[in-house]
Amino acid sequence: MSTNDIDLEKRRFLTQTTVALGAVGAGLAATPFISYMNPGAGALEAAAPIDVDISKLEPGQLIRVEWRGQPVWVLNRTEEMLASLEKIEPRLRDPNSDKSVQPPYCKNRYRSIKPEIFVAVGICTHLGCSPTYRPEVAPPDLGKDWLGGFFCPCHGSGFDLAGRVFKKVPAPKNLVVPPYRYVTDTHIVVGEDQQQEAA
């Protein structure tokens with residue numbers, strides 16, 4: 001067979017058709033793998049913001065909710081609790097929360113939008129244990145200087161009632177404050193940022 005007998009048009013058509021069919025086949029074969037990598041409904045639901053009703057939250061009471069598979073605390077601080085926050089600052093590692101995680105609208109002494117309501121991820125920043133809420137003042141096991149806060153019994157880290165870590169404990173940073181916003185005075189949404197007021 002000589003080169004004159006080869007139909008170059010037909011060869012070009014067959015080559016282009018083969019390439020096009022191969023690309024379509026590869027796309028169809030890849031579709032299940034790509035859709036498998038997308039998060040499932042359960043994962044999307046776990047990452048979704050959550051509504052928290054704080055209408056029945058008594059002064060001094062802490063409730064626990066779950067967001068993104070983590071415990072989130074919502075604490076209604078009393079006037080006495082709020083007053084203790086300034087007194088304890090010399091004993092804190094990061095009193096101004098400069099090295100800690102919180103939304104910009106919570107970077108204040110209270111680490112909250114409204115002073116009385118504190119929202120934090122209830123996981124110690126040392127090794128991920130969950131501290132206990134210890135609101136009592138000067139309990140025998142924590143000493144006369146304890147003004148209330150959160151204590152991690154696993155390795156002895158302590159946090160004040162704004163989730164700020166004490167000096168000389170294993171935890172390196174303050175407790176994380178997640179993004180949250182108020183819908184009403186008695187209803188917050190954890191997982192969505194508070195809208196900043198226009199200046």
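A nonpolar core here is a set of buried Ala, Val, Leu, Ile, Met, Phe, Trp, Tyr and Cys residues joined through side-chain atoms within 4.5 Å; buried means under 20% relative accessible area, exposed over 50% and partly exposed in between, with a 1.4 Å probe and protein chains only. The model is predicted: local features need pLDDT of at least 70, side-chain atom pairs count only at pLDDT 80 or more, and totals for chains, interfaces and linings use all residues. Residues are numbered from 1 along each chain as its sequence is written, and side-chain values use heavy atoms, with hydrogens and water left out.

Helices (H or I, at least four residues) and strands (E, at least two) are DSSP runs numbered from the N terminus.

Stay with I188 for a moment. Leaving aside neighbours within four places in sequence, I188 is in contact (heavy atoms within 4.5 Å) with residues including I50, V52, V74, V119 and Y180.

Now show β2, β3 and β4. These three strands form an open sheet in the order β2-β3-β4, with antiparallel pairing; two strands pair if DSSP finds at least two bridges between them. β2 (62–67) and β4 (117–121) stand at the edges with a single partner strand each, so one side of each is left without a neighbour in the sheet.

Follow β2 into β3: the two form a hairpin with two residues between them, and R68 in the turn has a positive phi of about 55 degrees. Six bridges pair β2 with β3; in one place, E66 has P71 in β3 as its bridge partner. On to β4, which five bridges join to β3 (residues 70–76); V72 stands opposite V121 in β4.

Then select W73, F118, Y133 and F150, which ring pairs link into a cluster. Rings of Phe, Tyr and Trp (its six-membered ring) pair if their centres lie within 6.5 Å; planes under 30 degrees apart count as stacked, over 60 as edge-to-face and the rest as tilted. The count by this rule is five aromatic pairs. In one of them, the ring centres of Y133 and F150 are 5.7 Å apart and the planes are at 35 degrees, so the pair is tilted. Y133 and F150 are both buried.
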